[in-house]
Amino acid sequence: MERLRGMSLRRAFFLLAFCGLLTALALAALLWMGCRTAASRYPLGGVSIGSDGIITPLPQPTPEQLRLLLVLDVTGLLGWILFPVMGLAVSGALFYRWKLKEPSDLLLEGTRRIQAHDLDFTLPAVSGDELGQICAAFESMRRELLKTNRELWRQAEERRRLNAAFAHDLRNPVTVLKGSIKLLRQGPPDPQALDRLESYTARIEAYVEAMSSIQRLEQMPVRTAAVPLAVLRSELEETARLLAPALEASVRRPGEGTAEIDHGIFLTVAENLIGNGARFAKQRLEITLTLEESVLSLSVADDGPGFPDQLLKGGPRPFERLEKHTEHFGMGLYTSGLLCRKHGGSLCLKNSPSGGAVAAAAFQTNYKS
């Protein structure tokens with residue numbers, strides 16, 4: 001049975017048809033021989049001519065025996081017709097049951113569930129034949145559809161959070177602008193009101209630019225190329241020297257190798273993580289680059305106060321500041337997570353047991369968008 005499941009449809013059909021016909025012919029031959037044996041028990045009539053030329057009449061069959069002999073002859077002849085037909089019919093039924101029924105039912109059920117927008121199921125591997133390959137391709141399509149739907153849902157949820165944060169952070173500047181305009185209309189020009197108008201207008205402009213940059217990042221394609229780890233290490237050292245000149249920064253790159261990544265995305269994430277760590281570090285910044293199988297990991301650890309619990313629980317959010325009274329909109333960690341996901345990886349934030357924050361970015365090195 002297992003060998004039959006692994007056969008192609010054509011081979012399985014011809015094998016079952018051949019076995020069915022062979023069995024049918026054997027049964028027809030047995031029936032024919034049985035009918036001949038039964039007929040030999042009854043007299044057939046006629047004469048017998050001996051060696052001496054004497055003609056002896058043979059017993060004549062009775063009318064009942066003649067009818068029985070006719071039935072035996074017809075039965076033997078019909079066996080050569082009916083048994084092959086029945087053999088082919090049984091072979092077809094077995095072929096449908098063993099080779100067609102299960103994959104056909106699975107494909108129909110899978111199609112029905114997809115039409116009902118239900119992708120939370122699995123299509124098992126049934127055989128190695130053509131229908132089994134179709135089932136495997138169907139399952140692969142289902143997984144891709146599920147992955148795409150989840151990504152669309154995540155993007156829609158992320159966009160909802162982004163719009164909510166954007167609206168929340170614009171509320172205060174707009175309120176200040178309205179109040180300043182009202183004061184200007186009520187009295188003589190106030191230099192402080194004009195300064196506030198200019199300051200908050202620039203702030204709103206920065207908000208709008210931040211929103212535009214996120215949309216550009218979401219539409220950015222991923223173009224991978226082979227980059228040696230030695231080159232990445234030198235770039236990390238240069239970035240740390242520029243963004244954290246007053247800190248003791250170290251870059252570790254265990255082993256040698258080449259990573260197939262989008263160089264620009266990697267550098268953008270590295271600059272965000274190093275810049276974020278430099279703002280909170282006291283004296284030391286540790287940068288680690290590793291390549292294991294198909295994942296390139298970049299870890300930035302500092303000796304600062306660590307990430308707040310709200311950030312660790314909810315993840316980085318747009319327009320969420322880690323420091324008070326700062327012009328940063330909290331976009332560095334958010335855009336880093338977005339870019340990591342575009343590259344097939346993720347961003348993990350945690351606090352070190354010895355103190356300080358650790359931001360670890362992972363990139364799938366053979367990822368194609």
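Mentor: The protein chain has 9 helices and 9 strands, where helices (H or I, at least four residues) and strands (E, at least two) are DSSP runs numbered from the N terminus. This is a predicted model, so to speak a computed one: local features need pLDDT of at least 70, side-chain atom pairs count only at pLDDT 80 or more, and totals for chains, interfaces and linings use all residues. Residues are numbered from 1 along each chain as its sequence is written, and side-chain values use heavy atoms, with hydrogens and water left out.

Of the 369 residues in the chain, 34% are buried, meaning under 20% relative accessible area (1.4 Å probe, protein chains only).

Now for your cavity. Searching the whole structure turns up 1 cavity of 30 Å³ or more. A cavity here is a set of points, on a 1 Å grid over the protein atoms alone, where a 1.4 Å probe fits but cannot get out.

Who lines it? The residues are L273, N276, G277, V300, D302, F307, A357 and A359; lining means having an atom within 4 Å of a point. By type, the lining splits into 5 nonpolar, 2 polar and 1 charged. Nonpolar covers Ala, Val, Leu, Ile, Met, Phe, Trp, Tyr, Cys and Pro; charged covers Asp, Glu, Lys and Arg; the others, Gly among them, are polar.

Key. 1 Å grid on protein atoms, 1.4 Å probe; cavity = no way out; pocket = protein on both sides within 12 Å on 5 of 7 lines; lining within 4 Å. Points joined across faces, edges and corners; volume = space filled by probe spheres on them. Buried < 20%, exposed > 50% of the residue type's maximum accessible area, 1.4 Å probe, protein only.
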